[in-house]
Amino acid sequence: MRSKLFRILLIGMIGLSTAICRAQTDEQLYMSYMQSDLTLWKQYIDSADWKNMNAEERLRLINYEYGYVPFIADKKDPTASHYLEQYIAHVEEEKANLTPSVYASYMCAAHAYTYLLDKSKLFSSGLQSFRLAKKAVELDPNNSIALVLKGNVYFYAPRAFGGNKEEAMRLFARAEQIMQQEGKWRYLWNYPALQLCIAQCYDKLGDTDSAYRKCRAILKEHPNFRFITETYLPELEKKRNR
């Protein structure tokens, strides 16, 4: 009886593990992002067997960690610091398999997230993030991740610390062009996230109509983008009708 029960439990565990693995395609993780629910991302990150992953699998995991940390940090999730430490450890361990530009980009993000979690670190992590963002683009002007990160630094930094939303828009537009040309980004979260940055940059520059039109264009490519349909687009519509 115990042996039969053990087999049933084992089969159930294998089935659950298989179901989770099946759900970890880029397309399904993309749909999770579209719904603003990264539960599946957490399952993927938590179940990842880092030691037995090959280089390609590790780089894929790092990209999702790179997106997951700010998502939970923004929600004041106390586990954000744990996932940030894990992300930094993985980036450092894979440094030899990253181009200098990509390494600088991911470490730029690490410093930005450190500052996000502790605002007292403006003059350490905040400024280091700014420097690494510039360095990453200098190392490879066609690295879309580097362009996005440098754009975000210019977008969020106060003007007194070098913030410049016009420059951010230029960088975002260049990154979008590269991603569209490369084609590999269709079901990666980075692409719609970048397009949302462009809409928000228009908005912050006072061009509500362009922000609205960009959101409409985004929804043609990503019709299930819940944040845009339920939150951001209604906000823009209110601004336009004032």
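This report describes the predicted model of a helical protein, from its overall make-up to selected helix pairs and residues.

## Basis and confidence

The model is predicted: local features need a pLDDT of at least 70, side-chain atom pairs count only at pLDDT 80 or more, and totals for chains, interfaces and linings use all residues. Residues are numbered from 1 along each chain as its sequence is written, and side-chain values use heavy atoms, with hydrogens and water left out.

The predictor's confidence in each residue is expressed as pLDDT, from 0 to 100. Its average over the protein is 88, and 89% of the residues score at least 70. Residues 1-23 stay under 50 in pLDDT, and the model has six contacts for them beyond four places in sequence; a contact means heavy atoms within 4.5 Å. Where pLDDT is low, the predicted coordinates should not be read in detail.

## Overall architecture

The protein contains twelve helices and zero strands, in the sequence pattern α-α-α-α-α-α-α-α-α-α-α-α. Helices (H or I, at least four residues) and strands (E, at least two) are DSSP runs, numbered from the N terminus. Of the 242 residues in the protein, 43% are buried. Buried means under 20% relative accessible area, exposed over 50%, and partly exposed in between, with a 1.4 Å probe and protein chains only. Among contacts with a separation of 6 or more, 56% are between residues 24 or more positions apart.

Helix α2 spans residues 26-34, and its buried residues are Leu29, Tyr30, Ser32, Tyr33 and Met34. These buried residues pack against α3, α4, α10, α11 and α12 (226-240). Ser32, with a relative accessibility of 9%, counts as buried. Leaving aside neighbours within four places in sequence, Ser32 is in contact with Asp37, Leu38, Thr39, Leu40 and Trp41.

Ser36 lies in the loop between α2 and α3. Its phi is positive, near 55°, in a residue other than glycine. Ser36 is partly exposed, at 34% relative accessibility. A positive phi, of about 60°, also occurs at Lys76, which is not a glycine. Lys76 is placed in the loop between α4 and α5 and is exposed, with a relative accessible area of 71%.

## Two helix pairs

Axes are lines fitted to C-alpha atoms, for helices over the stretch in contact, and angles run from 0 to 180 degrees between N-to-C directions.

| Helix pair | Angle | Axis separation |
|---|---|---|
| α3 (residues 39-47) and α4 (residues 55-74) | roughly 135° | within 10 Å |
| α10 (residues 190-204) and α11 (residues 208-221) | about 165° | 7 Å |

The axes of α3 and α4 cross at roughly 135°, which makes α3 oblique to α4. Angles under 35 degrees count as roughly parallel, over 145 as roughly antiparallel, 65 to 115 as roughly perpendicular and the rest as oblique. The crossing of α3 past α4 is left-handed, a term for a near helix turned anticlockwise from the far one by less than a right angle, clockwise being right-handed. On the α3 side, Trp41, Lys42, Tyr44 and Ile45 meet Glu57, Arg60, Leu61, Tyr64, Glu65, Gly67 and Tyr68 of α4.

Helices α10 and α11 pack at an angle of about 165°, so α10 is roughly antiparallel to α11. The crossing of α10 past α11 is left-handed. Here α10 contributes Tyr191, Gln195, Leu196, Ile198, Ala199, Tyr202 and Asp203 to the contact, and α11 contributes Thr208, Ser210, Ala211, Lys214, Cys215, Ile218 and Glu221.

## His90 and Glu93 in helix α5

His90 is located in helix α5 (residues 80-93) and is buried, with a relative accessible area of 9%. Its side chain is joined to that of Glu65 by a polar contact of 2.9 Å. A polar contact is a pair of N or O atoms within 3.5 Å; within protein, one must be able to donate a hydrogen and the other to accept it, and residues adjacent in sequence count only if both atoms are side-chain atoms. Not counting residues up to four places away in sequence, His90 touches Trp50, Leu61, Ile62 and Glu65.

Glu93 also lies in helix α5 but is partly exposed, with a relative accessible area of 49%. Beyond four places in sequence, Glu93 touches Trp50 and Arg58. The C-alpha atoms of Glu93 and Arg58 are separated by 9.8 Å, the two residues being 35 residues apart along the chain.
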